[in-house]
Each structure stands twice: as C-alpha cells, then as structure tokens.
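The sequence and the structure are shown first.

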Amino acid sequence: MFTLYHSYWSRATRMLAFLHEADIRDQVKLVHVDIRRNDGSGRHDPANPHPEGKVPVLDHDGTVITETAAIMLYLADLFPDAGLAPAIGDRARGPFLSWLNWYSAQMEPAYVVMVSGVNHEVFQTTFRGVPEVEKRLIDTFADGRPFLMGDQFTAADLLIQSPYKWFEDAAPDDANVRAWIDRINARPSYAWAAEVDLRHAPKAA
Ligand SMILES: N[C@@H](CCC(=O)N[C@@H](CS)C(=O)NCC(=O)O)C(=O)O
C-alpha cells in the first residue's frame, strides 16, 4: 500500500499532479499533514514520517521515501505503463536522470539563494546560479521541442516546471520556455492538484 503525505500549496502539490499523470490516484492514500511554512505558520506534524518534517513523503508498505525527485522516479519505475520515465536500458534514461538530479542539485538551490538574497562566491562556483539555470532551459527548448525530453512528457517536466508555478515572474524571458511552462500548467493533472490543495487550504475569513 502507498501513502503520500502531502500539505497544501507546497512542494508536494507536484506529487499530486504526478499521481494523476500516472493514473494511480486510486492506489495511493493521501494524508494531509501540517508543515512549518516560510511565513511562520504551521508546525512540524508528528503524523509526518519525514525525519525533518517536510513533504512530500511516500510510504510504501512501511518503507519511507523522501525527496520529490526520488519519489517520482520510484513510482514511475513501478508504474511503467504511464510512460513518465524512460525504462532502465533505454539510452534516454541518462538525460532523464540528469534532469531529475539537476533540479535538486542546481535549479532549486539557485532559486532559493536568489529569493533569500544570499550571494557567496563559493555557492556560485559550486552550484552556479539562476542565469545558468535559465540558459540551460532556453538552450534546451530552442529547437521547439514540447517537453524537456523531446516529444515525450515525463516526470522531469512536472518537477522542473514546478518552481515557475509559484514564482511566475522568475520564469526565463523566452517564448519557448514560457510556452512549455503554460503547456504544463494547462494539464488536467494540475487542475486536480489545485482542487485537492483548495480542499485543505485555510478558508478565507
Ligand atoms: N528537496 C525536498 C524539499 C522538500 C521541502 O522543503 N518541502 C517543504 C514544503 S514546500 C516543507 O515541507 N517544509 C517544511 C519544513 O521545512 O519544515 C523535495 O523536493 O522533496
């Protein structure tokens, strides 16, 4: 049995979209937990099995998997018919794995540093920054491809497009990249994820 620990309007929202894309919503129990948020609200929820109280978390029959990129890869491999990851042995899997890891090791750190206003030479030389992230995306979509991996929509699109759902203004000023962002936003999976989030979000007074 699969349980996904989720919290509204968080990095777990893209996991909701993933469940829809993989067509496994009926096989995964959703548990909404509280998290500490950047605005100071929320708390570390004791019901959340993540060692640091973060989301998303997947529990598969007692095995706990953290980190969105790892959870997506794990489920994409377990449900290959969804076509969200190239199979082991397929040469396309190499670039696909590069995208997932690039998100965690370069893209997300670059945007977090930008938003927090930190600027340190060691960070720049180690992880690079937002200009390099933007260049990578602009160069990738310059050939007019619809998705990161070409014609095939994959979990990498969900993961790497997700920061621009929250920070629309941070999207690279490039027509091809923005068309890709809009293409992912328009997918029914995100409409469903937004509905679920809305059910759990605090109601306006
Ligand atoms: N690299 C992790 C990041 C997870 C993460 O930071 N999640 C945030 C939600 S947006 C969280 O749970 N924060 C609560 C906390 O830091 O205590 C992933 O991609 O899964």
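## Strand pairing and the sheet

Strand E1, residues 2-6, pairs with E2 in the parallel sense, and five bridges join the two. Within this pairing, Phe2 has Val28 in E2 as its bridge partner. The coordinates come from a predicted model, and local features are reported where pLDDT is at least 70.

E1 also pairs with E3, but here the strands run antiparallel and are joined by four bridges; in this pairing Tyr5 stands opposite Val57 in E3. E3 in turn pairs with E4 in the antiparallel sense, over four bridges.

| Strands | Sense | Bridges | A bridge pair |
|---|---|---|---|
| E1 and E2 | parallel | five bridges | Phe2 and Val28 |

Taken together, four strands make up an open sheet with the order E2-E1-E3-E4 and mixed pairing. Its edges are formed by strand E2 (28-32) and strand E4 (63-66), each of which pairs on one side only. From one strand to the next, the twist averages 20°. Helix H2, residues 68-78, packs on the sheet, where it touches strand E3 (57-60) and E4, and the direction of H2 makes about 125° with that of E4.

## Turn and loops

E3 and E4 form a hairpin with two residues between them, and in the turn Asp61 has a positive phi of about 50°. A positive phi is also found at Trp9, a residue other than glycine, where the value is near 50°; Trp9 lies in the loop between E1 and H1. In the loop between E2 and E3, which holds Pro56, the peptide bond from Val55 to Pro56 is cis, with omega near 5°.

## Ligand shell

Which residues surround the ligand? The shell consists of Ser10, Arg11, Ile35, Arg36, Gly53, Lys54, Val55, Pro56, Glu67 and Thr68. By class, this shell around the ligand has three nonpolar, three polar and four charged residues. Val55 and Pro56, both part of the shell, are the two residues joined by the cis peptide bond.

## Helix packing

Two packed helices are described by the angle between their axes and the distance between the axes. Two such contacts are considered here.

In one of them, the axes of helix H1 (residues 13-21) and helix H9 (residues 188-200) come within 8 Å and cross at roughly 130°. That angle makes H1 oblique to H9, and the crossing of H1 and H9 is right-handed. On the side of H1, the contact involves Thr13, Leu16, Ala17, His20 and Glu21, which meet Pro188, Ser189, Tyr190, Trp192, Ala193, Val196 and Asp197 in H9. By class, the contact of H1 with H9 has seven nonpolar, three polar and two charged residues.

In the other, the axes of helix H5 (residues 130-141) and helix H8 (residues 175-185) come within 8 Å and cross at roughly 90°. H5 and H8 are therefore roughly perpendicular to each other. Leu137, Ile138 and Phe141 in H5 meet Asn176, Val177 and Trp180 in H8, and by class the contact of H5 with H8 has five nonpolar, one polar and no charged residues.

Notes. Residues are numbered from 1 along each chain as its sequence is written. This is a predicted model: local features need pLDDT of at least 70, side-chain atom pairs count only at pLDDT 80 or more; totals for chains, interfaces and linings use all residues. Axes are lines fitted to C-alpha atoms, for helices over the stretch in contact, and angles run from 0 to 180 degrees between N-to-C directions. Angles under 35 degrees count as roughly parallel, over 145 as roughly antiparallel, 65 to 115 as roughly perpendicular and the rest as oblique. A crossing is left-handed if the near helix is turned anticlockwise from the far one by less than a right angle, and right-handed if clockwise. Two residues are in contact if their C-beta atoms, placed from the backbone, lie within 7 Å. Ala, Val, Leu, Ile, Met, Phe, Trp, Tyr, Cys and Pro count as nonpolar, Asp, Glu, Lys and Arg as charged, and the others, Gly among them, as polar. A residue is near a molecule or strand if its C-beta atom, placed from the backbone, lies within 6 Å of it. Two strands pair if DSSP finds at least two bridges between them.
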